[in-house]
Amino acid sequence: MMPTTTISLIKADIGSFPGHSRTHPKILEKAARMLKEEEGKLLIDSFVTHCGDDMELIMTHTRGEDDEKIHALAWKVFSECTKMAKEMKLYGAGQDILSEAFSGNVKGMGPGVAEMEFEERGSDPVLLFMADKTEPGAWNFYLYKMFADPFNTPGLVIDPTMHEGFIFEVHDVMEKRKIEFRTPEEIYSLLAYIGAPSRYVIKYVRRKDGVVAASTSTQRLSLIAGKYVGKDDPVMIVRGQSGLPAVGEILDPFAIPFIVAGWMRGSHHGPFMPVGLPDANCTRFDGPPRVLCLGFQVCNGKLIGPADMFDDPAFDRVRDRCNELADILRAHGPFEPHRLSLDEMEYTTLPNVEKQFRDRWKPIPE
Ligand code: F6R
Ligand code: MG
Ligand code: MG
């Protein structure tokens, strides 16, 4: 057995300024220092960044997925940084830390987790996607385009090593069950589920020979907490090239202006805008929902990079189109489909408004 490398991308919103706009640089510095101290011990390498109000911990190591020590380290960083955020009275300090006590794994406790363990190839490009103001199912559309749509990924047609297709592991986040779909033969069945991204979320994509190609975070905060505590703001790891989609095939779907759930109060549909790191800050209507992509080469667990992949004029046009969509949706004000459907509003503060009118409703005579 070749030794494996694991990438753990663990994120949390532990407080931001002003409001839900962005993380504070002093807190990112603290997190980066804490992870650096573990390099050569628990970790091989690390990088700390943010997307909007979410702090993103990127860690490489040899301990595999769901490792207690790695999760404990992430928990310690979030806890220490929460203390600092509370001292600074940052907004929503400690928001995603839903429990005081750590019990071996940060999953189900608030933070979002995407991890991937793999044998490094001769050269291994990896793209890390980080989103703010949306939910985990937001990745479904993009993963389908990358790994199952030959109009997006010509490699599926012309590269014999990709011709067999991929296996999508889909999680039902409501019923807590999972299923695998094989593509291309089951694309219609796959789409029947993943077209409903608030419930069905792609967790992994693997090549049919078992090579792991993509891994996402699937935590739904509202389902854990039973109420609205901020949007999940998911993350995703995608490996590329040499029998997997090329870096450019992975990025190309983001040139489509796609509408996701989230944005203001986690209650609105809005355009998912790809941005470079300098623009990974939410403003208009607490958004629009944003996605950042940092690219690395992985070399014996070391992260060579990052490259800020959406910091490029090639994505200017989709950003313009997203702004146009934002205008159109915003003009709907409190009306659907800008506002989410009633069943998705169940976890927001809307039911509290409805409660006040419960007794004023009268039956309509037959
Ligand atoms: C989005 C988000 C924000 C808040 C909004 C209201 O994920 O967290 O849009 O929902 O700013 O926040 P409160 O109720 O704290 O004033
Ligand atoms: Mg926040
Ligand atoms: Mg956020």
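Which side chain meets Asp232 in a salt bridge? Select Arg220: the side chains of Asp232 and Arg220 pair up at 3.4 Å, N to O. (A salt bridge here is a side-chain nitrogen of Lys or Arg within 4 Å of a carboxyl oxygen of Asp or Glu.) Asp232 sits in the loop between H6 and strand E10 (235–239), and Arg220 in the loop between E9 and H6, so the pair ties together parts that are 12 residues apart in sequence. Helices (H or I, at least four residues) and strands (E, at least two) are DSSP runs, numbered from the N terminus.

A quick word before moving on: this is a predicted model, where local features need pLDDT of at least 70 and side-chain atom pairs count only at pLDDT 80 or more, while totals for chains, interfaces and linings use all residues. Residues are numbered from 1 along each chain as its sequence is written, chains are lettered from A and ligands numbered from 1 in the order in which they are written, and side-chain values use heavy atoms, leaving out hydrogens and water.

Now check the burial. Asp232 is buried, with a relative accessible area of 7%, and Arg220 is buried too, at 11%. (Buried means under 20% relative accessible area, exposed over 50%, partly exposed in between, with a 1.4 Å probe and protein chains only.)

Next, pick Lys107 and Asp66, whose side chains form a salt bridge at 2.8 Å, N to O. Lys107 is in the loop between helix H2 (68–87) and strand E4 (112–118), Asp66 in the loop between strand E3 (54–61) and H2, 41 residues apart. Lys107 is partly exposed at 31% relative accessibility, and Asp66 likewise at 37%.

Then show Lys11, Asp54 and Asp96, which are linked in a network of salt bridges. The count comes to 22 salt bridges.

Last stop: ligand 3, a magnesium ion coordinated by OD atoms of Asp53, Asp54, Asp132 and Asp233 at 2.0 to 2.1 Å. (Donors are N, O and S atoms within 2.8 Å of the metal, or 3.2 Å for Na, K and Ca; water is not among the atoms, so sites may look incomplete.) Bring up ligand 2 as well: Asp53 bridges these two magnesium ions, which lie 4.7 Å apart. Both Asp53 and Asp54 are buried.
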